[in-house]
Amino acid sequence: MKTKLAAFLLWFFLGWLSMHRFYLGKVGSGIFYLLTGQLFGLGWIIDLFLLSGMVENYNNKRELKNIKATLNVG
């Protein structure tokens with residue numbers, strides 16, 4: 001389970017390195033953001049509004065994966 005607090009702290013202090021995206025397993029977009037300077041600074045601001053949903057999405061996918069593994073489904 002990833003926490004919103006940890007994600008927002010990473011966004012605030014290490015967002016310029018895309019650490020919040022790497023924390024949530026978004027390696028591809030994390031590298032892209034890192035190489036473009038957070039989309040020239042705009043990505044850092046946009047992520048402020050998207051981050052909560054990104055954490056919930058990560059946790060929901062993780063929970064679904066655990067349920068499928070428990071039920072031995074695909």
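Me: What puts Phe-40 in helix H4?
Reply: Phe-40 belongs to H4, which covers residues 37-40. Helices are DSSP runs of H or I with at least four residues, strands are runs of E with at least two, and both are numbered from the N terminus. The model is predicted: local features need pLDDT of at least 70, side-chain atom pairs count only at pLDDT 80 or more, and totals for chains, interfaces and linings use all residues. Residues are numbered from 1 along each chain as its sequence is written, and side-chain values use heavy atoms, with hydrogens and water left out.

Me: Why is Phe-40 called exposed?
Reply: Its relative accessible area is 77%. Exposed means over 50%, buried under 20%, and partly exposed in between (1.4 Å probe, protein chains only). Phe-40 therefore counts as exposed at 77%.

Me: How far apart are Phe-40 and Leu-71?
Reply: In sequence they are 31 residues apart, and their C-alpha atoms are 45 Å apart in space. The C-alpha atoms of the protein fill a box of roughly 45 × 20 × 15 Å along the principal axes.

Me: Which kinds of element does the protein have?
Reply: Five helices and zero strands, in the order α-α-α-α-α from the N terminus.

Me: Why is Asp-47 called buried?
Reply: Asp-47 has a relative accessible area of 0% and is therefore buried. Its helix is H5, residues 42-71. Setting aside residues up to four places away in sequence, Asp-47 touches Trp-11, His-20, Arg-21, Tyr-33, Gln-38 and Met-54 (contact means heavy atoms within 4.5 Å).

Me: What makes Asp-47 and Arg-21 a salt bridge?
Reply: Their side chains meet at 2.8 Å, N to O. The cut-off is a side-chain nitrogen of Lys or Arg within 4 Å of a carboxyl oxygen of Asp or Glu, so the pair qualifies. Asp-47 lies in helix H5 and Arg-21 in helix H2 (residues 19-23), so parts 26 residues apart in sequence are tied together. Arg-21 also counts as buried, at 7% relative accessibility.

Me: How many salt bridges does the whole structure have?
Reply: A search finds two. One of them joins Lys-4 and Glu-56, with the closest N and O atoms 2.6 Å apart. Lys-4 is in helix H1 and Glu-56 in helix H5, so this pair links parts that are 52 residues apart in sequence. Lys-4, at 33% relative accessible area, is partly exposed, and Glu-56, at 40%, is partly exposed too.

Me: What makes up the largest nonpolar core?
Reply: Six residues: Ala-7, Trp-11, Leu-24, Leu-51, Met-54 and Val-55. Helices H1 (4-14) and H5 each give two or more residues to this core, and H5 gives the most, with three. A core is a set of buried Ala, Val, Leu, Ile, Met, Phe, Trp, Tyr and Cys residues joined through side-chain atoms within 4.5 Å. Beyond its neighbours within four places in sequence, Met-54 is in contact with Arg-21, Leu-24, Lys-26 and Asp-47.

Me: Why is Phe-13 called exposed?
Reply: The relative accessible area of Phe-13 is 55%, so it counts as exposed. Phe-13 is found in helix H1.

Me: How much of the protein is buried?
Reply: Of its 74 residues, 23% count as buried.
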